[in-house]
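Colleague: I am new to this structure and would be grateful for a guided introduction. May I put some questions to you once it is displayed?

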Amino acid sequence: MTWAIGIDLGGTTLKAVVVTAEGVIRQRATRPIKEGVDGIADWIARANDMVREFEQQERATAPAIGVCSPGLASLDGRYIAHLPGKLAGAERLDWTQALGGRVRVPVLNDAHAALLGEAWIGAARECRHVVLLTLGTGVGGAVMSDGRLLRGAIGRAGHLGHMSLEVDGARSIVGMPGAVEVMVGDCTIRERTNGTYASTADLVAAHLAGNAAATNVWLRSVHALAVAVASYINLFDPEVVVIGGGIANAGEALFSPLRSEVERIEWRPGGHAVPLVPAGLGEWAGAIGAAREAIPPASL
């Protein structure tokens, strides 16, 4: 039986899974980690501990290990090459060496990994053309075309949250005016609600409770997201658009008005509509996708 370990490096936690080549999840684990440069040794130690624990349970040495993290992966897939402003120390950390050098450890962007997971055993299973959006503090994304993950020349492809919707709008963290994540992400919720709400979850709760001002802000955010989704459909012609992240936990409070808005503006040749579906793997999508990346293609 071929299997792999997938590790997802987040801001405060390491998440890891054991997955077989058939897509069966055999083990899961989560460990808290320290933030900042001082945390590097902690990340490495905890990741190695998780690998050893998994190997003890499997009674075998891990044949494959993959890692995902925020940031742009290097062209050779050995480390994160660019990650300004967060997870200090993650840049240029060679995970093959960090995990003992027994196997080559591929490293990829966390949204790219999440898409690989969703297309393998999640909400986009058996699809070859997929757009993934992750709605949280910011807006992340990834694209699969004809079964291949779009990575781009320097690993930048799929940063869908930094597409501009308003040419004179406030700039995102990469300097893009009126970016999708500025219009939708938790990072601007205080500005968009004049300081009334600290999170999108609070805004949605007020909307569902009948607060007219909250409803106005929420539906404007949903409209912006719908314009972005319809634009991605025109750009990439996907079979499905998968939406995950913490904001997607709003469920039908998000998906019902979003589908209605997209229906009004989506270009539908021959009446063809692209399904909008919630992500299926939750917080484990990145780790599962990292494991999928590590499994030799011949074993899948």
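Predicted model: local features only at pLDDT ≥ 70, side-chain atom pairs only at ≥ 80, totals over all residues.

Colleague: What covers the buried residues of α9?

Modeller: The buried residues in question are A285, G286, A287, I288, G289, A290, A291 and A294. Helices (H or I, at least four residues) and strands (E, at least two) are DSSP runs, numbered from the N terminus. The cover includes β1 (3-9), β2 (13-20), β3 (25-32), β4 (65-69), β7 (107-109) and α3.

Colleague: How is α3 oriented relative to α9?

Modeller: The axes of α3 (residues 110-121) and α9 (residues 285-294) come within 6 Å and cross at roughly 80°. Axes are lines fitted to C-alpha atoms, for helices over the stretch in contact, and angles run from 0 to 180 degrees between N-to-C directions. Angles under 35 degrees count as roughly parallel, over 145 as roughly antiparallel, 65 to 115 as roughly perpendicular and the rest as oblique. The orientation of α3 to α9 is therefore roughly perpendicular.

Colleague: Which residues of α9 make the contact with α3, and how does that contact divide by class?

Modeller: Contact means heavy atoms within 4.5 Å. On the α3 side are D110, A113, A114, L116, G117, E118, W120 and I121, and on the α9 side A285, G286, I288, G289, A290, R292 and E293. Ala, Val, Leu, Ile, Met, Phe, Trp, Tyr, Cys and Pro count as nonpolar, Asp, Glu, Lys and Arg as charged, and the others, Gly among them, as polar. By class, the contact has 8 nonpolar, 3 polar and 4 charged residues.

Colleague: Is the crossing of α7 and α8 left-handed or right-handed?

Modeller: The axes of α7 (residues 212-236) and α8 (residues 252-265) come within 8 Å and cross at roughly 50°, which makes α7 oblique to α8. A crossing is left-handed if the near helix is turned anticlockwise from the far one by less than a right angle, and right-handed if clockwise. The crossing of α7 and α8 is right-handed.

Colleague: In which sense does α6 pass α7, left-handed or right-handed?

Modeller: The axes of α6 (residues 200-208) and α7 come within 8 Å and cross at roughly 125°, and the two helices are therefore oblique to each other. In this pair, T200, L203, V204, A206 and H207 of α6 meet A214, T215, V217 and W218 of α7. The crossing of α6 past α7 is left-handed.

Colleague: Which residues does P63 touch, leaving aside those up to four places away in sequence?

Modeller: P63 lies in the loop between α1 (40-58) and β4, and is partly exposed, with a relative accessible area of 44%. Its C-alpha atom is separated by 8.4 Å from that of I295, 232 residues apart along the chain. The residues touched by P63 are W3 and V103.

Colleague: How many disulfides are there?

Modeller: A disulfide is a pair of cysteine sulfur atoms within 2.5 Å. Among the cysteines, C68 is buried at 0% relative accessibility, whereas C187 is partly exposed at 36%. The count of disulfides is 0.

Definitions and conventions
Residues numbered from 1 in each chain as written. Heavy atoms only, no water. Buried < 20%, exposed > 50% of the residue type's maximum accessible area, 1.4 Å probe, protein only.
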